[in-house]
Amino acid sequence: MVPMQPDLEPFVPFPKVLLHDHLDGGVLAPRMGLLVIQSQRRGASPVEVQIDQRAVGNAPVNASLTEGLHTLRFRAGIITSYQFATIRPGYALVLEAPSDR
């Protein structure tokens with residue numbers, strides 16, 4: 001006999017943030033979400049950001065993305081790091097850019 005498993009909710013590593021906090025009155029297409037990469041560290045090297053192997057500039061970055069899993073690459077000085085981000089339609093995912101300090 002197999003013991004019953006409790007109903008588990010899916011793991012959500014970041015809280016969902018509603019879009020209106022970040023869109024400044026703009027609108028996203030259906031099945032789109034917003035990735036917000038903040039950078040608030042003073043005196044650190046600029047953080048270069050790539051999303052799915054496409055350069056999008058230095059942080060801070062706001063990017064509308066299709067729902068699903070995306071690969072992020074950050075480069076600050078000589079330090080390079082990678083992160084995955086799951087975008088959900090109608091929500092913003094807010095991340096802090098890593099720093100070389």
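**Terms first.** I call a residue buried under 20% relative accessible area, exposed over 50%, and partly exposed in between (1.4 Å probe, protein chains only).

**Ground rules.** I am working with a predicted model, where local features need pLDDT of at least 70, side-chain atom pairs count only at pLDDT 80 or more, and totals for chains, interfaces and linings use all residues. Residues are numbered from 1 along each chain as its sequence is written, and side-chain values use heavy atoms, with hydrogens and water left out.

**Overall layout.** I looked up the elements and found eight strands and zero helices. Both kinds are DSSP runs numbered from the N terminus: helices (H or I) need at least four residues, strands (E) at least two. Of the 101 residues in the protein chain, 26% count as buried. I also looked at contacts, meaning heavy atoms within 4.5 Å. Among those with a separation of 6 or more, 58% join residues 24 or more positions apart.

**The core.** Which residues have the most contacts inside the largest nonpolar core? They are Leu35, Ile37, Val47, Val49, Ile51 and Leu72, in a core of 17 residues. Such a core is a set of buried Ala, Val, Leu, Ile, Met, Phe, Trp, Tyr and Cys residues joined through side-chain atoms within 4.5 Å. Strands supplying at least two of its residues each include E2 (32–38), E3 (47–51) and E6 (68–76). I then picked out Ile51: leaving aside residues up to four places away in sequence, Ile51 touches Leu35, Val56, Ala63, Leu65, His70, Thr71 and Leu72.

**Salt bridges.** How many does a search of the whole structure find? The search gives two, each with a side-chain nitrogen of Lys or Arg within 4 Å of a carboxyl oxygen of Asp or Glu.

- Glu67 pairs with Arg31, with the closest N and O atoms 3.2 Å apart. Glu67 sits in the loop between E5 and E6 and Arg31 in the loop between E1 and E2, so the pair ties together parts 36 residues apart in sequence. Glu67 is partly exposed at 33% relative accessibility, whereas Arg31 is exposed at 58%.
- Arg75 meets Glu48 at 3.6 Å, N to O. This pair links strand E6 with strand E3, 27 residues apart. Arg75 is partly exposed at 33%, and Glu48 is partly exposed at 36%.

**One last stop.** I found Val94 in strand E8, partly exposed at 24% relative accessibility.
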